[in-house]
Amino acid sequence: MEMLSGGEMLVRSLHEEGVEYVYGYPGGSLLHVYDAFYNQSAVKHVLVRHEQAAAHMADGYARATGKPGVVMVTSGPGATNTITGIATAFTDSIPMIVITGQVMSHLIGDDAFQETDMMGISRPIVKHSFSIKHPSEIAEVVKKAFYISTTGRPGPVVIDIPKDMTVPNDRHEYSYPKKVKIRSYTPPQKGHSGQIRKAVELLLEGKRPIIYSGGGVVLGKASDQLRKLVRELNYPITQTLMGLGAYPATDRQSLGMLGMHGSYEANMAMHNADVILALGARFDDRVTNAVNKFCPDAKIVHVDIDPSSISKTVDVDIPIVGPMDNVLDEMLEILAEIKADKNSAALPDQAALESWWNQIEEWRKRHAGKYDKNESGLLKPQEAIQGLWDATKGQAYICSDVGQHQMFAAQYYKFDEPNKWINSGGLGTMGFGFPAAMGVKLNFPDEMVVCVTGEGSIQMNIQEMSTCLQYGIPVKIFCLNNGTLGMVRQWQDMNYEGRHSSSYMESLPDWGMLAASYGHIGINVEGKEQLDQAMADCFGKYKDRLVFVNVVIDPDEHVYPMQVPTGAMRDMWLSKTERT
Amino acid sequence: MRHIISILLENEPGALARVVGLFAQRSYNIETLTVAPTEDPTLSRMTITTSGPDRVIEQITKQLNKLIEVVKLVDLTEGAHLERELMLIKVKASGAQRAEIKRTSDIFRGQIVDVTANVYTIQLTGKTAKLEAFIEAIGPSCILETVRTGVSGIARGEKTLSI
């Protein structure tokens, strides 16, 4: 059998798992491992400028490809700097492997140099974590980590490796396990057939049905099945922030996003529905508004791979635990069977469905994504996002930061495909978008990859411009610059009588010079004409360059619709003056 | 309502921390917790008593089941079960009190396991309510120290929690 050092085993194990890129930053406790990297070329290492960005890069890669991203950082500050990135992935159920160095095992607990209890610090925000006790465990632990991270409800897994586990001359037998079995971990393989049949029957009884789908459909790679089901039923569908793209936004049956900044028609249809099919969504507080007023007339079917998501905040009538693709396949089969039986009493009431659609079309007309144009002469953020959509024909990977620009992107960039809308939905991590975009672009060099951001968020990981220069990662940064922390300011306008406490970004840099100093291109945009020109240049003559597009927008714009706090789904502000 | 959750857990470092951490993170309440290895040294058996509305208890069991080290768990209070707790209680026992305490201890089937001229240490086993009744019967003024193990529980009859 082959004899390898722990460091070599780790790198080989990653190769066995098909890992092409590892995002990380070296340091004392990982020097043996980095030396093992040096001697091979199968697994490439990307050196970031801050460990948080490594985690977001891995995360962006995972969201775009469905495969786990791999992070490698040293002990102590290296490890703690990844915490926000791990928490971001955990909240959105993203598969990720985080390998952290640790001080030598005999020093653990001594407050040694760059020692921190990473197992302890990361515990609440990981799906699982391993601490290596002997070099010979490494291959099996890596195998288990990938298995746990990618199956069931995915999530980040930490592997903490003391330095003495990776010593070059300490060699042990190495073979990579083909299979792994963990007796206490058996992710669901199949939904309960009886429940699925009951669910289909309930759905067909609906007179005002709606499908509410979330990130679980994207993660469960069940977009095709979802599309078939929605079309087969001719029911309206609304998607959560995390689910956008699983069903095409430009399709007639799509009502857009629901929730706090959801569309008027989506929130109205949810509130008035009599049957809701919830797919891989978790009835998050940003969706339901006040739980006790949530969809009063609806019977709810909830499909999720995680039993703890079911009846967590909202009681459901028919729970189904299982993998999304498998459950939807079975639903489609049962539906076909019922439709084939001409005598079946279970067929939907077409007249009721038609009047439901008529009602929805009425709602659609009321708000319809309206916003006031060019009142102040400045570009509106909505207009800017629409300009981006036009320039990219809706085909770009959009990696968003967090704030107003994120909501505008979710509302106005119509996603027609899954895995192309990449944002920190659950944790709301500012600084996520840029490194996430880098992770995507590195793996899809021929695709358009845009970081939609604001002047607040972008400065939280701006240092990665340097990484982009080193590795030639030509992402486009589309910065909606309103000179203010827009979402904070919006809340201050609406709830604090306009007292803008610490929401104004003073001392902003000259973005063009900043980009140029890193060897990139900076373009300043004021007005629609300049926007169109900038877009043409971004994807034309500067196709292979990182371009920082500073889009000056109206600072007074708010995101609407906005649900009224403690209200029901239907209670919304539709503009600064119009309420439902 | 009070629930007794019995858990088979991988006997590995960090497993206990994950269980306790889960309760703290999600602000679930732990009243008692006991844990020790089973006849199979790779497994620990843990008993947790907790209380809360049904929705919270359902979440507790589901979240516990998600922990990779949790092999199996059961809410014992859903069926017939036995529960026991052991208490060691040190009480002042001098003069006329001495005989009275001995009698009370006998009534509760306690055993005096250590004696000095002025102090009895009594060992008592039973349901939580029985231990509390004893504490009340003895009266707070003569109690010097109490230590309790927390509840251990097991299902009645043929039902077992095993892999």
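Here is a walk through the domains, a helix pair and the chain contact of this structure. It's a predicted model, where local features need pLDDT of at least 70 and side-chain atom pairs count only at pLDDT 80 or more, while totals for chains, interfaces and linings use all residues. Residues are numbered from 1 along each chain as its sequence is written, with chains lettered from A and ligands numbered from 1 in the order in which they are written.

Start with chain A, which is assigned domain 1 (2-174), domain 2 (193-366) and domain 3 (381-559); such bounds come from an automatic or database domain assignment. The C-alpha centres of domains 2 and 3 of chain A sit 32 Å apart. Where they touch, 12 residues of domain 2 of chain A meet 14 of domain 3 of chain A (contact means C-beta atoms, placed from the backbone, within 7 Å). Domain 2's side of that contact has eight nonpolar, four polar and no charged residues (Ala, Val, Leu, Ile, Met, Phe, Trp, Tyr, Cys and Pro are nonpolar, Asp, Glu, Lys and Arg charged, and the others, Gly among them, polar).

Now look at helices H10 (residues 223-233) and H13 (residues 324-340) of chain A, which pack at about 30° with axes 9 Å apart. (Helices are DSSP runs of H or I, at least four residues, and strands are runs of E, at least two, numbered from the N terminus; axes are lines fitted to C-alpha atoms, for helices over the stretch in contact, and angles run from 0 to 180 degrees between N-to-C directions.) That makes H10(A) roughly parallel to H13(A), a label for angles under 35 degrees. Among the residues meeting here are Leu226(A) and Leu229(A) from H10(A) and Leu328(A) and Leu332(A) from H13(A).

Finally, the chains: 16 residues from chain B touch 13 from chain A. H2(B) gives the most to chain B's side, with five residues.

Methods: Parallel < 35°, antiparallel > 145°, perpendicular 65-115°, else oblique. Contact = placed C-beta atoms within 7 Å.
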